[in-house]
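Welcome! Here is a short briefing on one residue and its charged partners. Please look at the sequence and the structure first.

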Amino acid sequence: MAQTTILAANTTPATSSDVVVAAGGVATIGLFATGTIPSGVQVSVRIDSPGDDQPAAVLNLWNPVTVLAGPGTFRAVRPDISSYGVSVGVYTES
């Protein structure tokens with residue numbers, strides 16, 4: 001299994017690169033940090049739809065990893081977390 005960083009660790013708002021999961025496929029997506037993930041940090045995992053992206057999962061201290069089932073195109077959205085003093089990023093493994 002290969003891990004790929006899709007959103008570099010930082011504290012600024014950002015959206016990851018796309019994670020494309022084929023029909024019948026799965027991909028693991030998770031958080032990594034420069035320290036302990038603060039309890040208030042939440043990164044939204046969203047699925048591409050014909051309209052706006054729709055919520056698919058939330059990554060946080062208690063749920064730092066989730067498995068995405070295809071088909072779908074997913075992306076992670078990090079809000080401004082600068083007040084926590086820890087940089088957080090997102091990786092995928094498939």
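This is a predicted model: local features need pLDDT of at least 70, side-chain atom pairs count only at pLDDT 80 or more; totals for chains, interfaces and linings use all residues.

Residues are numbered from 1 along each chain as its sequence is written, and side-chain values use heavy atoms, with hydrogens and water left out.

**Where Arg-75 sits**

- You can find Arg-75 in strand E8, which covers residues 72-78; helices (H or I, at least four residues) and strands (E, at least two) are DSSP runs, numbered from the N terminus.
- Arg-75 counts as buried because its relative accessible area is 13%; buried means under 20% relative accessible area, exposed over 50%, and partly exposed in between (1.4 Å probe, protein chains only).
- Leaving aside residues up to four places away in sequence, Arg-75 touches several others, including Thr-15, Ser-44, Val-45 and Arg-46; contact here means heavy atoms within 4.5 Å.

**The salt bridges**

- The structure holds three salt bridges, each defined as a side-chain nitrogen of Lys or Arg within 4 Å of a carboxyl oxygen of Asp or Glu.
- One of them joins Arg-75 to Asp-18, with the closest N and O atoms 2.9 Å apart.
- This pair links distant parts of the chain, 57 residues apart: Arg-75 is in strand E8, while Asp-18 is in the loop between strand E2 (14-15) and strand E3 (19-21).
- Arg-75 also meets Asp-48 in a salt bridge, at 3.6 Å from N to O.
- Asp-48 lies in the loop between strand E5 (43-47) and strand E6 (54-59) and Arg-75 in strand E8, so this pair ties together parts that are 27 residues apart in sequence.
- Asp-53 forms a salt bridge with Arg-75 too, at 2.8 Å from N to O.
- Here the pair is 22 residues apart and again links distant parts of the chain, with Asp-53 in the loop between E5 and E6.

**The partners as a group**

- What links Asp-18, Asp-48, Asp-53 and Arg-75? A network of salt bridges does.
- Are Asp-18 and Asp-48 buried or partly exposed? Asp-18 counts as partly exposed because its relative accessibility is 43%, and Asp-48 counts as partly exposed because its relative accessibility is 40%.
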